[in-house]
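Let's take a walk through this structure together, one piece at a time.

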Amino acid sequence: MGMNYAKHEKEIKQRIGFVYDENVFYEQLTLAEMTRIIKPAYRNWDDDVFYHYAHTFELPLHQKLKTFSKGMSMKASLAIALSHHAELIIMDEPTSGLDPIIRRELLDILHQLIQDGEVTIIFSTHITTDLDRIADYITFIHQGEHMFTKKLYQIEEDYAIVKGGLELLDRETELEFVAIRKSRHGFEALTANKARAEQIFGDMALIEKASLEDIMYYTKKGGEQYA
Amino acid sequence: MLNLLRKDFFLQKKILLILLAALLVYLFLDVSIIWIGFVFGIVMIMNAFNQDEKSSIQMLLNSLPYSRREIVSSKYIGALLFMFILVVTIFLGKFAIHRQITDWRELMVMVCAVIISISLLLPFSYQFQSRYLYTASIVAFGVYLFVINFVIPNLNDRVRGLMNTLLDLPHINFYLITSVSAIVLYSVSLIVSIRIYRNKVF
């Protein structure tokens with residue numbers, strides 16, 4: 001946005017919507033009352049949009065917020081974020097602890113929003129399969145340290161799991177991998193350069209698509225090995 | 001800022017009505033207004049503080065387009081408004097029930113007492129949490145007993161002496177000194193609270 005946080009804190013917050021993984025509202029209020037408190041804070045608040053999403057998400061306006069389930073609280077946060085036309089929506093673990101149907105539904109909603117292209121969504125998660133479904137960019141943070149930020153399709157093109165016999169490994173080939181897991185029967189390793197691995201090992205090893213979970217696992221392991 | 005104040009009144013409106021109704025009962029019984037005013041003032045102000053104390057609510061407030069300075073200042077300004085409502089209610093209530101005009105000096109002593117207490121309570125609650133106030137007051141009372149027993153045995157007399165000196169001043173001077181010190185204390189307290197709150201993590 002090209003603004004300095006210290007100087008333009010309020011301006012920046014006008015354009016960001018936060019969605020938390022817990023109920024952050026006053027529990028004794030109803031959603032309608034809560035909205036009355038939040039609404040005047042935002043310059044671009046749009047009642048029509050709010051009622052539209054409240055209706056789409058099937059949120060009861062006159063029920064106390066303490067009776068809301070996790071999924072409902074999240075949808076309420078999301079409806080509020082959308083109603084003030086946030087350009088950036090930050091979601092903290094939105095899909096954890098949701099039942100599979102609601103989770104799928106939420107991902108569809110997010111997907112729809114991203115397709116419309118007016119809003120950017122940053123969302124943190126431990127459930128990597130969510131990302132396969134909707135993410136454009138993946139950032140992997142391990143223990144507060146930034147490991148990588150890449151486009152999702154790039155990750156699919158670059159990374160691969162290589163499986164083969166132990167005889168394929170020597171000091172030189174081991175350097176090709178992010179990390180290696182050895183067992184009596186052979187090895188399994190992650191490469192960050194699929195094309196090169198194909199060149200080196202050719203038909204001698206099995207090269208498979210790496211899932212995000214594989215990438216996270218091996219990146220973490222690699223970090224420990226060379227630390 | 002105005003929105004934050006409106007929020008506090010909106011959230012408290014039921015409790016406020018109950019408290020003010022209860023206040024009328026006390027007024028009817030003619031209890032010393034310095035004492036009831038003091039107790040009601042502290043309860044109203046700390047109640048407004050308590051309802052925002054949960055860390056999830058703090059996350060919400062901080063994600064809305066308010067600065068931390070505004071969040072803290074709104075509590076201090078809100079406290080003054082609550083006190084204003086309290087004074088007006090006492091004044092009108094007294095007049096309606098007993099046909100008495102309340103002595104402005106009594107009201108002033110009450111307001112100053114609330115301001116001084118709040119100036120200490122709020123920074124403490126921002127630093128720790130208001131639920132530790134009970135513990136703190138017991139500890140403070142213990143320290144006080146220790147001090148009057150071993151360190152300065154005539155502490156109470158000295159305080160009384162100081163009060164008498166102040167009261168002996170021509171009236172206007174006394175009230176001027178007290179109110180100016182209360183205002184200074186309140187402002188310092190606000191600055192301290194903002195400092196504390198700025199570095200908080202929720």
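This is a predicted model: local features need pLDDT of at least 70, side-chain atom pairs count only at pLDDT 80 or more; totals for chains, interfaces and linings use all residues.

## Where the two chains touch

Let's start at the contact between the chains. Chain A puts in 16 residues and chain B puts in 13 residues. On the side of chain A that touches chain B, the elements giving two or more residues are helix H1 (5–14) and H2 of chain A. H1(A) gives the most to that side, with four residues.

For chain A the average pLDDT is 85, and 97% of the residues score at least 70. Within chain A, confidence is lowest in helix H6 (residues 128–134), where the mean is 79. It is highest in helix H2 (residues 31–38) of chain A, at 91.

## Chain A comes in two domains

Chain A is split into domain 1, covering 5–135, and domain 2, covering 153–225. How many Å separate the C-alpha centres of domain 1 and domain 2 of chain A? They lie 39 Å apart.

## A parallel sheet in chain A

Now for the sheets. Strands of a sheet pair through backbone hydrogen bonds, and they can do so in a parallel or an antiparallel way. Here three strands of chain A make an open sheet with parallel pairing, in the order S1-S2-S3. Its edge strands are strand S1 (16–19) and strand S3 (120–124) of chain A, each of which pairs on one side only. Ignoring direction, neighbouring strands of this sheet are turned by 15 degrees against each other on average.

Look at strand S2 (residues 88–92) of chain A next: five bridges join it to S3(A), and the two run parallel.

## An antiparallel sheet in chain A

Another open sheet of chain A has four strands, in the order S7-S8-S6-S9, and its pairing is antiparallel. Strand S7 (177–183) and strand S9 (206–209) of chain A are the edge strands, each pairing on one side only. From one strand to the next, the twist averages 20 degrees.

Which residue in S8(A) is the bridge partner of Ile180(A)? The partner is Ala189(A).

Strand S6 (residues 160–164) of chain A has an antiparallel link to S9(A), made of four bridges. Facing each other across S6 and S9, you can pick out Val162(A) and, in S9(A), Ile207(A). Helix H9 (residues 194–201) of chain A lies across S6, strand S8 (186–191) and S9 of chain A, at about 20 degrees to S6(A).

## Chain B: helices, no strands

Chain B has eight helices and zero strands. Its C-alpha atoms fill a box of roughly 50 × 50 × 30 Å along the principal axes.

Take helix H2 (residues 33–50) and helix H5 (residues 104–127) of chain B: they pack at about 30 degrees, with axes 9 Å apart. Angles under 35 degrees count as roughly parallel, so H2(B) is roughly parallel to H5(B). The crossing of H2(B) past H5(B) is right-handed. Residues of H2(B) in this contact include Gly37(B), Phe38(B) and Gly41(B), while those of H5(B) include Ala113(B), Val114(B) and Ser117(B).

H5(B) also packs against helix H8 (residues 171–198) of chain B, at an angle of about 20 degrees and with the axes 9 Å apart. H5(B) and H8(B) are therefore roughly parallel to each other as well. Which way does H5(B) pass H8(B), in a left-handed or a right-handed crossing? This crossing is left-handed. Among the residues that meet here are Cys112(B), Ile116(B) and Tyr126(B) in H5(B), and Ala182(B), Leu185(B) and Ser189(B) in H8(B).

Key:
Residues are numbered from 1 along each chain as its sequence is written. Chains are lettered from A and ligands numbered from 1 in the order in which they are written. Two strands pair if DSSP finds at least two bridges between them. Axes are lines fitted to C-alpha atoms, for helices over the stretch in contact, and angles run from 0 to 180 degrees between N-to-C directions. Two residues are in contact if their C-beta atoms, placed from the backbone, lie within 7 Å. pLDDT is the predictor's confidence in each residue, from 0 to 100. Domain bounds come from an automatic or database domain assignment. Angles under 35 degrees count as roughly parallel, over 145 as roughly antiparallel, 65 to 115 as roughly perpendicular and the rest as oblique. A crossing is left-handed if the near helix is turned anticlockwise from the far one by less than a right angle, and right-handed if clockwise.
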